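Trainee: I have not seen this structure before. Please show it to me, then let me ask about it.

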Amino acid sequence: MAKIFRIHPEDNVAVAVQPLAKGETAGLDGQDFTAGSDIPAGHKMAIRAIRRGEPVVKYGFPIGSAKEDIQPGDWVHTHNVQSRLGDLLSYEYHPEQAGNTAVANDREYTFMGYERPDGRAGIRNEVWIIPTVGCVNGIARAIEAGSQSFRTEHIDGIYAYSHPHGCSQLGDDQLHTQKMLAGLVHSPNAGAVLVLSLGCENNQIDLMKKAIGDYDENRVRFLVCQDVEDEVASGIAIVKELCRYADQFHRTQQPAGKLVLGLKCGGSDGFSGITANPLVGAVSNKIVAAGGTSILTEVPEMFGAETLLMNRCKDQATFEKTVNLINSFKSYFMRYGEKINENPSPGNKAGGITTLEDKSLGCVQKGGRAVVQDVLEYGDRAQEKGLLLLQAPGNDLVAANALAAAGAHIVLFTTGRGTPFACPVPTVKIASNSHLAGFKSRWIDFNAGQLLEGHSMEEVSESFMQLILDIASGRRHAKSESLDKHELAIFKDGVTL
């Protein structure tokens with residue numbers, strides 16, 4: 001295995017595949033480079049001279065500017081590189097620069113799913129209890145505990161969700177809460193849903209019904225705790241009826257074109273953009289080619305790589321939506337006096353990611369090569385097929401919950417550092433390196449580090465695709481499904497009364 005890896009022919013840095021000691025040599029394309037200092041695995045080594053102010057190039061694009069002259073063999077990181085990101089930008093639509101972004105499949109993929117009356121298919125058949133307000137979280141959990149005897153072989157679980165919102169909220173915050181909860185009500189992984197209200201909160205049942213829109217009264221029921229004497233007993237009685245409804249759904253063979261993937265990363269390292277993110281992009285290509293949907297989010301982690309997505313938009317209108325997606329999130333940062341390039345996190349930097357551009361150019365690879373078909377606002381539900389962009393922050397829990405509410409059956413979560421978190425839908429963890437996959441085997445579902453060890457992308461992506469289909473079919477479970485997934489994380493921006 002080579003000691004250093006160059007991603008793109010135009011790069012003036014390479015990634016250390018293993019730790020390099022000061023004075024150690026590493027070969028690339030017939031040339032030897034001597035490490036000027038210790039260089040940790042996942043970090044960058046200069047392979048050309050870079051003068052102060054010149055761009056540092058990785059993935060074929062600038063990831064920042066040199067703060068000082070950098071010599072071949074030097075360690076390239078935060079001490080000698082700075083971000084080039086700044087204010088809002090103007091963009092032009094150049095679709096011809098996107099090249100051939102069509103994706104094709106020569107295989108038909110299927111999974112065993114629960115077909116819903118509207119033609120969608122769930123990968124889990126669960127009964128959910130969703131509170132309109134945080135005041136009834138405890139009641140929701142009591143109803144969950146008292147309803148477990150109603151589970152059958154066709155019901156995968158009965159879960160109550162918790163959140164601190166729904167009252168003392170105004171404007172967009174209340175709207176965000178309503179849209180998020182409504183999106184979960186419509187999740188294809190929920191065979192039936194009890195919406196649980198206190199009765200005096202801002203987020204009244206009538207407002208929630210308006211946010212939910214059309215629904216099947218046999219599948220979605222409502223309970224106002226202040227309107228009944230024993231809210232727990234009443235809730236358990238309703239869940240019993242909902243379980244009878246959900247029990248009618250059995251797994252049948254479904255085309256992979258019905259799958260909706262949520263694409264997310266967290267705790268990234270210097271290998272994420274080489275292994276795990278491109279792997280997820282390859283599988284996203286397969287799902288999109290099969291007629292399915294992938295949803296890419298984490299808007300701040302598109303900064304610096306946004307034109308790669310903009311030039312893949314299907315038309316001018318979608319391009320304009322993407323421009324607004326980027327600039328509105330930058331404006332959100334600026335409104336609070338925060339720097340646009342405050343990311344990456346300390347963990348990212350320790351793993352070898354130097355600037356936000358460095359992080360973003362790796363992150364957007366999760367979207368593969370597909371054309372961008374639509375852009376969703378926070379809380380919107382996916383309507384189009386293909387690759388979609390979703391407004392949400394980089395925060396793992398908030399973004400993953402937004403993907404679930406948008407209709408994702410499953411979240412593909414790449415990581416170089418590891419994380420155990422779960423969200424309402426199965427959350428599959430993909431390690432960027434083999435050390436993490438072995439060290440945190442209770443968290444990690446798949447090892448993308450194989451790609452640095454002689455395995456081809458086609459081989460590894462087919463293996464990963466089969467894992468996804470097995471999880472979708474219930475033959476296997478994501479590691480996160482054994483952990484607590486009760487807490488919802490909802491974006492909040494404004495005043496709390």
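Some questions on cysteines and helix packing follow.

Mentor: This is a predicted model, where local features need pLDDT of at least 70, side-chain atom pairs count only at pLDDT 80 or more, and totals for chains, interfaces and linings use all residues. Residues are numbered from 1 along each chain as its sequence is written, and side-chain values use heavy atoms, with hydrogens and water left out.

Trainee: How many disulfides does the count come to?

Mentor: A disulfide is a pair of cysteine sulfur atoms within 2.5 Å. The sulfur of Cys167 has its closest cysteine sulfur in Cys135, 5.8 Å away, so it is too far for a bond. For Cys423 the closest is in Cys265, at 15 Å, also too far. By this rule, the count is 0 disulfides.

Trainee: Is Cys423 buried or exposed?

Mentor: Buried means under 20% relative accessible area, exposed over 50%, and partly exposed in between (1.4 Å probe, protein chains only). The relative accessible area of Cys423 is 2%. Cys423 is therefore buried.

Trainee: How are H1 and H4 oriented to each other?

Mentor: Helices are DSSP runs (H or I, at least four residues), numbered from the N terminus. H1 (residues 137-146) and H4 (residues 231-246) pack at about 50°, with angles running from 0 to 180 degrees between N-to-C directions and axes fitted to C-alpha atoms over the stretch in contact. Under 35 degrees is roughly parallel, over 145 roughly antiparallel, 65 to 115 roughly perpendicular, and the rest oblique. So H1 and H4 are oblique.

Conventions:
Helix = DSSP H or I, 4+ residues; strand = E, 2+ residues; numbered from the N terminus.
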